[in-house]
Amino acid sequence: MNIKLLDSWLKDYLKTDTTAAKIAENLSLTSVSVERVEKHGTDYVYDIEITTNRPDLMSVIGLAREAGAILPQFDIKAKFSEPEFKHITSTGDLGIKIENDPKLVNRICAVALEINLKPSPKQISERLETADIRSINNAVDVTNYVMREVGHPMHVFDYDKLLKTKKMIVRLSKEGETIKTLDGKEYKLAGGDIVIDNGEGEIIDLMAVMGTLNSAVDDNTKRVMLFVDNCDQHKIRKTSMNLAIRSEAAILNEKGVDRELALPAILRGVELLKEIGDAKVISEIVDIYPNKLTSRTVEVTQAKINAVMGVDLDIKTSVDILERLGFTIATTSDTLKVGVPSWRIDDVTLPEDIIEEVARVYGYFKLPSILPYQAKQIPYSRASDQFYWEQRTREALKYWGFTELFTYPMVSESMLEGPTSESVTIKNPLSEDNVHMRRTLVPSLLEAVRENKNRETLAIFEISNAYIKQKKGLPDELLKLAGIYKKTQPKAGSNALFFEVKGIIEALLADLGINDIEFKKAESGAVGADVYIGHDLLGEIEVLEQNIIDFELDFATILKHASLKKVYKPTSKFPESIEDLRFEIDPDILYSKIEKTIKEQSSLVKSVSLLDVYQNKKTFRIVYQSMNKNLTNEDITEVREKIIASLKKSFKATLA
């Protein structure tokens, strides 16, 4: 969110003689990011970026309070001038019955006035135009001026148009209802939007988003009603996004505006209309406030503040900073009991939030740079860092010739694996081709292969989420590593390509410190293999076509087993003994099972490799070695006989 405002407007509520440049510099160091300060005649314009968790700073008063807390920390004299808006003494009846729904609207304030509709004076219009808000007339301008100054959006109705039914009923819209907004555009509502009904079924306001034309102020307006509503922010966000109406009121309201500002906004609006519109108040202020804020107190010790910040502040400094920011403080010994002000009630909930407030105003740049061992903290460990393992995987595959892709997580029904009932469906898809959340990454990568069909060799991969539908709530997001390997090999065929991919996966897992790998026949029935780490299923390699192999691995399982620990294995000073044994054995028996059986027979078996395959005969090269002595023929004969006996017993293999 960005806000523009004049320095002179800010200094209506910030008493200081310092320059706009100094204010911008110090705010940027500790609070908001002042993108630029530009000269505007004899004045200056701030262009400020506000983070979404601080809607209170989308106002002149909010920024003045913030600057008033920060500038003294830099030895600059500054004080926030708290506004005091005069209360209204009129007791006349509003003449309109407002029926609120507490589930939808937290607070409503309204008042009726007679006004002289005319253009706003130069100061008002200039401040609005500089803030990128178009000046229209004094009635409309006051609502925008108050929104920018006080921080709560406000609406103005033509009072006489409301008197036709004398009713304002807050309700949810029905599917198919239509409205015409202030800018003359027509919208068809999807239903579930907070609206005001005039009692006859006609919508006269799209609450907290934009007013409607049928109740708007026009050139014939003599009486107006100022109206402030504080609505359910989630519904406002949904309505604004569904209709693509991104008015400033909607942007503010969806962030959660302080409902305590509703009455001050009305009072300031009345004050301004009296000044620039010869206004006369003709009703009392109606204040419907069913959902009052619950106060919040957060406790934190000064010792914890100092421990986290790494400095020795006295409790008086922390109290001074927090009080300037609007918090109320009660101290007992080393503990601060911090009362959170209404405009920060959704933002400050934990002791760490209080520490952050103290730290940023004190100045992050003042905090010492301390290495972990100096601070007696646990050193950072890469082993528990998911991003480290992701990056290591990316780099390994990159150096083996793979290219990383980033594909859409949304797929069409034709790309979806499994029935659509098992997929997560998007209610408001970007297009007809992006309706379902993918359950696997492979179809997205295959789409990339199809788009590059003229390339004979292709090696691509992606690390991203797959989405598994749950009976209730949000879907499970499972991080996956998937890849496609395409290589034209007319002579070798898919077997050679499969073993090439198998070797890449073995090398990748070895680089991640994982060696307990086993490949088993795919349980899905696909041509390929399931990959296991110990007893955990990691994923699958699948032969799609003679020259295309895909693989998909569960990254959470990789993270579970990945390790940087290295085990030192001393090299034997005694020589190896090598012999080749040929067995006639069932070709369906997996090599991994045979290898495991052979190694289990003796610790003298250093390694086993498949040397040759012919029909149902397999030749294995077995390497023997001892750490303690030179091996004799008798030693090797004893192990060989055990191997032959075990293979005969387990697989009915015979020595060929």
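Me: To begin, in which sense do E18 and E20 pair, and over how many bridges?
Reply: E18 and strand E20 (residues 335-339) pair in the antiparallel sense, over five bridges. Pairing requires that DSSP finds at least two bridges between the strands. Helices (H or I, at least four residues) and strands (E, at least two) are DSSP runs, numbered from the N terminus.

Me: Which residue of E20 is the bridge partner of Thr-297?
Reply: Gly-339 is the bridge partner of Thr-297.

Me: Before going further, what kind of model is this, and how are residues numbered?
Reply: It is a predicted model, in which local features need pLDDT of at least 70 and side-chain atom pairs count only at pLDDT 80 or more, while totals for chains, interfaces and linings use all residues. Residues are numbered from 1 along each chain as its sequence is written, and side-chain values use heavy atoms, with hydrogens and water left out.

Me: Back to E18 and E20: in what order do the strands of that sheet lie?
Reply: The order is E18-E20-E19, an open sheet of three strands with antiparallel pairing. Strand E18 (297-301) and strand E19 (328-332) are at the edges with a single partner strand each, so one side of each has no neighbour in the sheet. From one strand to the next, the twist averages 20°; axes are lines fitted to C-alpha atoms, for helices over the stretch in contact, and angles run from 0 to 180 degrees between N-to-C directions.

Me: Which strands does H10 touch?
Reply: Helix H10 (residues 302-309) packs on the sheet and touches E18 and E20, its direction making about 70° with that of E18. Helix H11 (residues 315-324) also packs on the sheet, touching E19 and E20, and its direction makes about 5° with that of E20. Contact here means heavy atoms within 4.5 Å.

Me: And H12: is it mostly covered or uncovered?
Reply: H12 is mostly covered, with nine of its 12 residues buried; buried means under 20% relative accessible area, exposed over 50%, and partly exposed in between (1.4 Å probe, protein chains only).

Me: How far does H12 reach, and what follows it?
Reply: Helix H12 (residues 351-362) reaches 17 Å from its first C-alpha to its last, close to the expected 16 Å. The expected span is 1.5 Å times one less than the number of residues. Gly-363 follows H12 and has a positive phi, near 115°.

Me: Changing topic: where is Lys-471, and is it buried or exposed?
Reply: Lys-471 lies in the loop between strand E25 (457-468) and strand E26 (476-487). Lys-471 is exposed, with a relative accessible area of 89%. Its C-alpha atom is separated by 45 Å from that of Arg-148, 323 residues apart along the chain.

Me: Now E31. Which residues are on its covered face?
Reply: In strand E31 (residues 577-584), Ser-577, Glu-579, Leu-581 and Phe-583 form the covered face, whereas Ile-578, Asp-580, Arg-582 and Glu-584 form the uncovered one.

Me: What are the bridge partners of Phe-583?
Reply: In E33, the partner is Lys-618, and in E34 Phe-583 stands opposite Leu-655. E31 pairs in the antiparallel sense with strand E33 (residues 617-624) over eight bridges, and two bridges join E31 to strand E34 (residues 654-655), also antiparallel.

Me: What is the strand order there, and which helices pack on it?
Reply: The order is E32-E33-E31-E34, an open sheet of four strands with antiparallel pairing. Strand E32 (605-614) and E34 are the edge strands, each pairing on one side only. Helix H18 (residues 633-651) packs on the sheet, touching E31, E32, E33 and E34, at about 25° to the direction of E31. Helix H17 (residues 591-599) lies across E32 and E33 and runs at about 140° to E32.

Me: Finally, how many helices and strands does the chain have, and what does it span?
Reply: The protein chain has 18 helices and 34 strands, and its C-alpha trace spans about 115 × 60 × 45 Å along its principal axes. Buried residues make up 48% of the 656 residues.
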